[in-house]
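Subject: Structure handover

Hello,

Here is the structure I said I would pass on. My notes follow below it.

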Amino acid sequence: MAEAAGGPQPEDCPGSSSAQAGRAAACQGCPNQGLCAAGAAPDPAELSELRSRLRAVKHTVLVLSGKGGVGKSTFSALLAHGLAADEAKQVALLDIDICGPSIPKMMGLEGEQVHQSGSGWSPVYVEENLGVMSVGFLLSSPDDAVIWRGPKKNGLIKQFLRDVDWGEVDYLIVDTPPGTSDEHLSVVQYLSTTHVDGAVIITTPQEVALQDVRKEINFCHKVKLPIIGVVENMSGFICPKCKKESQIFPPTTGGAEKMCQNLNVSLLGKVPLDPQIGKCCDKGQSFLSEAPESPATSSYRNIIQRIQEYCDQHHLPEEKII
Amino acid sequence: ERTNLAGVRHILLVLSGKGGVGKSTISTQLALALRHSGRRVGIMDVDLCGPSIPRMFRVQDSDVHQCDSGWVPVYVDQDKSISLMSIGFLLEKPDDAVVWRGPKKNALIKQFVADVAWGDLDFLIVDTPPGTSDEHISTVEALRPHKLLGAILVTTPQAVSVGDVRRELTFCKKTGLRVLGIVENMSGFVCPHCSECTNIFSKGGGEELAKHAGVPFLGCVPLDAQLSQSLEEGRDFIQDFPKSPAFPALARIAQQILDGTSQQS
């Protein structure tokens, strides 16, 4: 994964993606030591801690996109609400977008703080069966910026996974920032201790988005993360007055449909633009509850159902093999 | 020793805490508008994971060549009035993911700043990825010794975006980066069939933020299907669609930047 910058590697080089990267005896004096240590995979002791914490998580879904602003957080929030509608299910929503944490606002939890207990950090609960964690809860003002380089971001992500007392969880949804960088590598590495059902990849129809999303799909292949499917968001707009459709983000190269065909991944569904979606996100309300009649709501519900079915089909037996 | 940025009169960053608000769009349209007013413009694309700039000028298949002073930027046309540098030109295959951690990203950004032979430019626009992390810290650090005019912040109208852009304003304050102004993008959509305006992503948040933060408000740019189409095709929207809804606002942004720099000198 993290490649060395170049220059001769020591004879006993442990490999730049190994747990010992930058830390082994052979690394001393190697020009790449700093790079490798900064991006080192978690060591076995850390992984074991994570494994015990995440043991009680049945299904994990990552929400990814190469492109920003396509609706990852919006989708993550609605997926969480959709799954938590079944009161018998325990849902956890983890926001690892450290620089731009949107989830607290979207879930109506702005201003909430994280509490510590003997068993770790408590998630902030929207409903009894829907808990949320985000760096947003650790910031004291809406103007506070998290101006951190990669290693510090990785540290917080590890803490979120290791120190949050999620309890027994049926679905852990992880909302990510756009890209294929520190946050994504780290979360995949840390989650390798548990079973990840797969990734849901969000895009919008235009090529400018798809070109980044193809990279994200390649990232998933590289790190062996299964892809549950792709959601095409902002797929057309119906004017509320004349009811005619406009393609504000035009699918000039065939949209997600063509991309999915070419790359052999599932298209989970297409969701049209609806001004109510943004409004609900701003107000911290569930769009699914506020606008049950919207075509976007039925699209979202169908997609959520398909994700649930995918997870159910890939259900592991109770005893996880390490 | 003359640096590769010695011939660049003004450097400006296009930032947003939020992804997908139109940083690359505003960067390209600003470059085109400045070109149409007779300026020479460069764009440095430091979004290493999601480089959008090459396709927006239809030069995504171009290669980067070396010269005595370093890397030759990619020229958009024979005119050589717009030049570009992006990781997009350095990838073997366009779908290759750039899966790099911070240190490697920082190293390439330093190279973009030091090793690209920009020559004489009136403006160098730096397009950035969303956030306040490695790319942003490294870019500001590397550009600090040069003629850094300031930053344009782009947001969409809704509170979720504005919430992230507030943090970007803090980044600017903490790094001593002057805020040239805020652009409220995707501000309303006028139906091409019946002219009804719908505020798909709400309205007014960018203007309010500018007022609250005491920074200039550069204007509202509406959603414009012809603009999206032009970006897809790598067309010059400013030249080809002067009557389109987004044109007046984009032209006004460029004018305000020009007015700002003429006041300076």
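**Helix 3 of chain B**

The buried residues of helix 3 of chain B are G102(B), K104(B), K105(B), N106(B), L108(B), I109(B), F112(B) and V113(B). On spacing along such an element in general, an α-helix has 3.6 residues a turn, so residues three or four places apart point the same way. Helix 3 of chain B is 14 residues in length, and its first and last C-alpha atoms are 20 Å apart, close to the 20 Å expected at 1.5 Å a residue.

The loop between strand 6 (82-86) and helix 3 (102-115) of chain B holds L91(B). Apart from neighbours within four places in sequence, L91(B) has contacts with D96(B) and V98(B), and also with K215(A). From L91(B) to Q256(B) the distance is 165 residues in sequence and 36 Å in space, C-alpha to C-alpha.

Chain A has a mean pLDDT of 88, with 86% of its residues at 70 or more. Over residues 1-8 of chain A, pLDDT stays under 50, and the model has 20 contacts beyond four places in sequence for this stretch. Where pLDDT is low, the predicted coordinates should not be read in detail.

**Strand 7 of chain B**

Strand 1 (residues 8-15) of chain B pairs with strand 7 of chain B in the parallel sense, over 6 bridges. Within that pairing, H10(B) has F123(B) as its bridge partner. Strand 2 (residues 41-45) of chain B is also parallel to strand 7 of chain B, with 5 bridges between them. Here I43(B) stands opposite I125(B).

**The sheet of chain A**

In chain A, 8 strands make up an open sheet with mixed pairing, in the order 5-6-2-7-1-8-9-12. Strand 5 (124-127) and strand 12 (267-270) of chain A are its edge strands, each pairing on one side only. On average, neighbouring strands of this sheet are turned by 20° against each other, direction ignored.

E127(A) has its bridge partner, L130(A), in strand 6 of chain A.

Helix 6 (residues 182-191) of chain A lies across strand 1 (57-64) and strand 7 (169-175) of chain A, and it runs at about 165° to strand 1 of chain A.

D170(A) belongs to strand 7 of chain A. Is D170(A) buried or exposed? Its relative accessible area is 12%, under the 20% cut-off, so D170(A) counts as buried. The side chain of D170(A) makes a polar contact of 3.1 Å with that of K58(A). Beyond four places in sequence, the residues in contact with D170(A) are K58(A), H59(A), A88(A), K89(A) and Q90(A).

**Helix 7 of chain A**

Helix 7 of chain A has 16 residues (207-222), which should span 22 Å at 1.5 Å a residue; the end C-alpha atoms are 22 Å apart, so the two values agree. Because 13 of these 16 residues are buried, helix 7 of chain A is largely enclosed by the rest of the structure. After helix 7 of chain A comes K224(A), with a positive phi near 60°.

Regards

Key:
Residues are numbered from 1 along each chain as its sequence is written. Chains are lettered from A and ligands numbered from 1 in the order in which they are written. This is a predicted model: local features need pLDDT of at least 70, side-chain atom pairs count only at pLDDT 80 or more; totals for chains, interfaces and linings use all residues. Side-chain values use heavy atoms; hydrogens and water are left out. Helices (H or I, at least four residues) and strands (E, at least two) are DSSP runs, numbered from the N terminus. The expected span of a helix is 1.5 Å times one less than its number of residues. Buried means under 20% relative accessible area, exposed over 50%, partly exposed in between (1.4 Å probe, protein chains only). pLDDT is the predictor's confidence in each residue, from 0 to 100. Contact means heavy atoms within 4.5 Å. Two strands pair if DSSP finds at least two bridges between them. Axes are lines fitted to C-alpha atoms, for helices over the stretch in contact, and angles run from 0 to 180 degrees between N-to-C directions. A polar contact is a pair of N or O atoms within 3.5 Å; within protein, one must be able to donate a hydrogen and the other to accept it, and residues adjacent in sequence count only if both atoms are side-chain atoms.
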